[in-house]
Structures are given as C-alpha cells and as structure tokens.
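Take a look at the structure first, then follow the walk-through below.

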Amino acid sequence: MRFCVCVFVLLGILGLFGCQGETQPRGQELLMAKCVSCHSNQITCLNLGKDPAYWENVVDRMAHKGMEMTTEERAVVSEYLAGLDSGAEPVCQ
Ligand code: HEC
C-alpha cells in the first residue's frame, strides 16, 4: 500500500515537472495504438469531458479486460483523456 502511494506521488511529480510536454503526444499515441484493439474510439469520444477519476477508473477497467499497458502508460493515457474536450480529434474522427 505504502509502495503504491509512493508510485502515484512519483508519477504526479514526474507529470508536473518532468515530462509535461510529452504527455500529450504519448497519450495520443497510446490511445490510437491500444484502445482501438477491442472497440473503436467512438465509445471513448462519447465520454470526453469527464474528470480524471473517471478516466483512471475506465483505463483500469480496460486493463482488467486484457489491455496490455504498464501502470505508467495508464497514468499517461488517463491524464491525456481527462484533458480533452468533447469532440476532440483524433479521438472523435
Ligand atoms: C481488451 C479489450 C479492450 C481494450 C484494449 C480497451 N477496451 Fe474499452 N471496453 C472494452 C469492452 C469489452 C467494453 C464494453 C463495456 C464494458 O464491459 O464496460 C469497453 C467499454 C469502454 C468504454 C465505455 C464506457 C464504460 O464505462 O464502459 C470506454 C469509455 C472505453 N472502453 C474506453 C477505452 C479506452 C480509453 C481504452 C484504452 C486506454 C480502451 N477502452 C481499451 C474492451 C476494451
């Protein structure tokens, strides 16, 4: 449990200071590569505009369904999704 907390704190710090500029292209890359292996991004598009907690939850659920993504990648993709407005491309293409 303590370890988990540390990992999340660390990811938060990295997200804030380390690779802020990289979250967006990486998040997009992951989304376009991994999320479409089971369903189209249309379903993701419909839910854009929701808060970070929603996306963390969804991305975790997708991992339980068999999506292969590291904890770090999941954090990147959740953050990216939480930052998009409804109708955003390329998710809603
Ligand atoms: C291993 C297959 C698989 C992968 C990969 C996958 N999903 Fe899903 N997803 C599903 C299935 C199956 C559903 C159908 C509804 C359910 O069971 O929740 C779903 C439903 C959803 C929903 C509908 C809302 C909801 O709460 O159910 C959203 C949003 C979603 N996925 C987003 C994503 C995102 C974002 C990714 C990539 C990070 C992703 N999915 C990757 C299988 C997958």
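## A first look

Of the 93 residues in the protein chain, 31% count as buried, where buried means under 20% relative accessible area, exposed means over 50%, and partly exposed is in between (1.4 Å probe, protein chains only). Keep in mind that this is a predicted model: local features need pLDDT of at least 70, side-chain atom pairs count only at pLDDT 80 or more, and totals for chains, interfaces and linings use all residues. Residues are numbered from 1 along each chain as its sequence is written, and side-chain values use heavy atoms, with hydrogens and water left out.

What does the secondary structure come to? Take the contacts (heavy atoms within 4.5 Å) in the protein chain with a separation of 6 or more: residues 24 or more positions apart account for 68% of them.

## Around the ligand

Where does the ligand sit? You'll find the ligand in the second largest pocket. On a 1 Å grid over the protein atoms alone, a pocket is an open set of points with protein on both sides within 12 Å along at least five of seven lines; a molecule sits in one if more than half of its atoms lie within 2 Å of its grid points.

There are 17 residues around the ligand, and Cys 35, Cys 38, His 39, Arg 61 and Met 62 come nearest; to be near, a residue needs a heavy atom within 4 Å of the molecule. This shell splits into 9 nonpolar, 5 polar and 3 charged residues. Here Ala, Val, Leu, Ile, Met, Phe, Trp, Tyr, Cys and Pro count as nonpolar, Asp, Glu, Lys and Arg as charged, and the others, Gly among them, as polar. Helices α3 (42-45), α4 (52-64) and α5 (71-82) each supply at least two residues of the shell, and α4 gives the largest share, 4 residues.

| Side chain | Ligand atom | Distance |
|---|---|---|
| His 39 | nitrogen | 2.7 Å |
| Arg 61 | oxygen | 2.3 Å |
| Lys 65 | oxygen | 2.7 Å |

Is Glu 73 buried or exposed? Glu 73 counts as buried because its relative accessibility is 16%. This residue is in helix α5, and a polar atom of its side chain lies 3.0 Å from the backbone nitrogen of Thr 70. Leaving out residues up to four places away in sequence, Glu 73 touches Arg 26, Leu 30 and Lys 34.

Asn 41 is in the loop between α2 (20-34) and α3, and it is buried, with a relative accessible area of 6%. Beyond its neighbours within four places in sequence, Asn 41 is in contact with Leu 31, Met 32, Cys 35, Val 36 and Val 91.

Now try Pro 52, in helix α4. Pro 52 counts as partly exposed because its relative accessibility is 46%. Its C-alpha atom is separated by 8.1 Å from that of Gly 83, 31 residues apart along the chain.

Finally, look at Pro 90 in the segment after α5: the peptide bond from Glu 89 to Pro 90 is cis, with omega near 5°.

Notes. Polar contact = N/O pair within 3.5 Å; in protein donor to acceptor, adjacent residues only side chain to side chain. 1 Å grid on protein atoms, 1.4 Å probe; cavity = no way out; pocket = protein on both sides within 12 Å on 5 of 7 lines; lining within 4 Å.
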